[in-house]
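Please look over the sequence and the 3D structure shown below.

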Amino acid sequence: MTRPLENPEKKRWLIALLAGPSFIIFPLWAWLALPPSHSAAQTIPPAAQASGYVTTAVCAGCHVEQHDAWKGSHHDWALKEADEKSVFGDFDSASFEQQGEVWRFTRRNGKFIARSRNDGGAWVDHEVLYSIGVAPLQQYLVMLDDGRLQALTIAWDVEAEQWFHLYPGPRIAEDDGLHWTRTFNNWNSRCADCHSTGYVKGLDPRGGTFDSRWSDLNVGCESCHGPGEAHVAWAQNPDDKAGRGFTVAPGNEVEVCAACHSRRQALGAESRPAGAPFLDHFVPALLREGLYHADGQILDEVYVYGSFLQSRMHDKGVTCSNCHAPHTARLKAEGNALCTACHSPAGNDAFPSLRKAVYDSPDHHFHETGSDGAACVNCHMGERTYMIVDPRRDHSFRVPRPDLSVALGTPNTCTACHTDKEPAWAAGQLKRWFPEGRGGRPHFAEAIDAGRRGGAGAEAALLSLALNSEQPAIVRATALDLLRRFGPASADAVVSLLSDPTPLLRRGAALLQSNAAGDKRVERLVPLLADPIRAVRITAASLLVDIPPLAFPAQAVLPYDKAVAEYRASLLASADLPETQMNLAALAQRTGHPRAAEAALKQALALNGHFEDAWLRLGELQHSRSSSAEAVETFRRGLTALPDSGLLHRSLGLLRIERGALKEGITALERAADLRPDDGRLRYNLALAHARAGQAEAAEKRAREALAIEPENPEFLYSFGVLLIERGRINDAREVGQQLLRLHPDRPEGSALMDEVARRTAP
């Protein structure tokens, strides 16, 4: 394996990067991720007892009943060494082919062999070392070089008893992060923490190699109850009262489960000790576009935690074990009986605010008893299928809102069943059934949708949502995240949240301070350097790295040094991931080191050549450094990998127009418009380009499309008015000017347009 040469300029930046009040050297290898090679060296890495862990076998000696319930559960089957009992797939000379990708599955000397072709067309044998999961699918792990365990993307459908591809469609290129040999299918980084107990990642960031270790192969007792060494010592000597209290307190149960059942970013390289605060070890994914719909419904594979945090059940203290038996991981009851354990005339004394009523009745669900429509989960826990064969239910326990489907295009469980009907029909039905509404807090969907689109009034709506204590914390944190695209006013308005009891809100408010002036940033973030939660501390540190040392108060020096060291450790823990390289690039740009940022972005692309955001940011960075020719080439290479990227076509088009290649630029923007039908700004840019090219009719068409998407946008209205003036349609332009004055009386565009109308009509 080759290693990139050290760049002296890059090294100088790394030395200076985190130097604030004191001088900290940030090692070169903290962000130099190496492109993986694809050799087929195969050995089983040794299991090692992690510090304080004793293994499930020891626990079973006393806790027989609990161990027997756990045995055979999905947690037990999370990972097993490959043998005749654990491997379900057909390895009797079976084969699988998709879009030219060919696999052969055989047995040899008692081992399970998966054969694939390498770049040269030769067959390469990969010994299956482990099986993952028990149902509805099973995956298999093989060892490549440098200690990398990789999950095959050809999986076994347990119910249908056949091989299938997790990424159906065109063959995945070898430089794509989704290729089975690449980062998204690396077990050490992406899977192991949740499929083993007492996991230690063992990444060497200097070479990108792994020496991963664990206490138990699967999800054992100590995954949920914490390291058991002290407890075992207490059991052997009960008079020693110091050892018993390792078990997880019930009030922390949701966060214990969330360590795995969540879409999140890890802050370290080792398993989170059960009972530790969630944000000491992870940052949960917010309700971001591409992950969740604007109303918070699941879209991408986000697991459970982010949905459950939105629910009224979470707000009222419901925990996972109210519905799921913790050791078997099965539901405690089947069908509606699970829900009516609480939602019934008897209620549940544990939740005194719950309205006692009959729910399992046509008077509530308006469907025939026993039908699909009468099932509680089908209305209140919409289902999506992931990994081709694995259906998952949304755990936000929401009331169906087809009215939001009409307004925003979000899905709803009504028309998911009644596929021959439109959302407006479903909204009408619910209005007839519940003419006075169903109560509850106002929905956040409109504000989130406006924030994603950047429409008129979005900032005010998001700010109101962020400050609304009646809304779930993850929703408010999402509003704070969306506010980062606006100006400094919102950063000033959320200062009170920097001391909020909820760490997710403190972190969100801290991130928003990136829009604040340097002196305000220091004043507001220095107290968070000593926050009790690590995610908050390192966020504050990351936003202060570009502040001159003399700007810090003396008492902040030590907390800053400690928080920066934690931030450094969190980056080192994931230096093998392209996302980390992106974070390093952002830091380099903030600290005024564009060449180091460019190098980090190139490393991200070395790990995943189909990383759209990395191509975009690399080209934008090169353009900002007056390297427009390089930027054009970067966008073109990005489009070679991602020919259907509307964003890359847009960036290329705008840059070509800026460099004088108007025709080529318009062609690229037109292609981008085809790929991004809801992008009003893109159509606005196209209108300007067509006008510049003397194509007035095409310009007007695109301007009208932009306004159809964002009808109140002052820039769009003003440009449309100017275009109408240039076409000699003064009266139409006057109407646009009057509309501007009415919608945006405090902005200058309306007056400017009306002045131009007056000038054109003056005798």
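Predicted model: local features only at pLDDT ≥ 70, side-chain atom pairs only at ≥ 80, totals over all residues.

Residues are numbered from 1 along each chain as its sequence is written, and side-chain values use heavy atoms, with hydrogens and water left out.

Start with the second largest pocket, which holds about 550 Å³ of space. A pocket here is an open set of points on a 1 Å grid over the protein atoms alone, where a 1.4 Å probe fits, with protein on both sides within 12 Å along at least five of seven lines; lining residues have an atom within 4 Å of a point. Grid points are joined across faces, edges and corners, and the volume is the space filled by probe spheres set on the points. Helices H8 (253-258), H10 (312-315), H19 (473-483) and H21 (503-512) each give two or more residues to the lining of this pocket. Helices (H or I, at least four residues) and strands (E, at least two) are DSSP runs, numbered from the N terminus. H19 provides the largest share of the lining, 3 residues. By type, the lining has 14 nonpolar, 9 polar and 5 charged residues. Nonpolar covers Ala, Val, Leu, Ile, Met, Phe, Trp, Tyr, Cys and Pro; charged covers Asp, Glu, Lys and Arg; the others, Gly among them, are polar.

Ala-473 counts as partly exposed because its relative accessibility is 25%. Buried means under 20% relative accessible area, exposed over 50%, and partly exposed in between (1.4 Å probe, protein chains only). Leaving aside residues up to four places away in sequence, Ala-473 touches Thr-502, Leu-504 and Leu-505, where contact means heavy atoms within 4.5 Å.

Next comes helix H26 (residues 594-607), whose 14 residues reach 20 Å from first C-alpha to last, close to the 20 Å expected at 1.5 Å a residue. The expected span is 1.5 Å times one less than the number of residues. Of the 14 residues of H26, 10 are buried, so this helix is largely enclosed by the rest of the structure. Among them are Glu-598, Gln-603 and Leu-607.

Helix H31 (residues 680-692) has 13 residues and reaches 19 Å between its first and last C-alpha, close to the expected 18 Å. Its buried residues include Leu-682, Arg-683, Tyr-684 and His-690. Helices H29 (646-658), H30 (662-675), H32 (696-709) and H33 (714-726) are among what covers the buried residues of H31. At the N-terminal end, Asp-679 caps H31, with a side-chain oxygen 3.2 Å from the backbone nitrogen of Arg-681. Just after H31, Gly-694 has a positive phi of about 80°.

Asn-109, in the loop between strand E3 (101-108) and strand E4 (111-117), has a positive phi of about 55° although it is not a glycine. With 77% relative accessibility, Asn-109 counts as exposed. Ser-626, between helix H27 (612-624) and helix H28 (628-641), also is not a glycine and has a positive phi, near 65°. Its relative accessibility of 68% makes Ser-626 exposed. Pro-136 sits in the loop between strand E5 (123-132) and strand E6 (137-143), and the peptide bond from Ala-135 to Pro-136 is cis, with omega near 0°.

Notes:
Polar contact = N/O pair within 3.5 Å; in protein donor to acceptor, adjacent residues only side chain to side chain.
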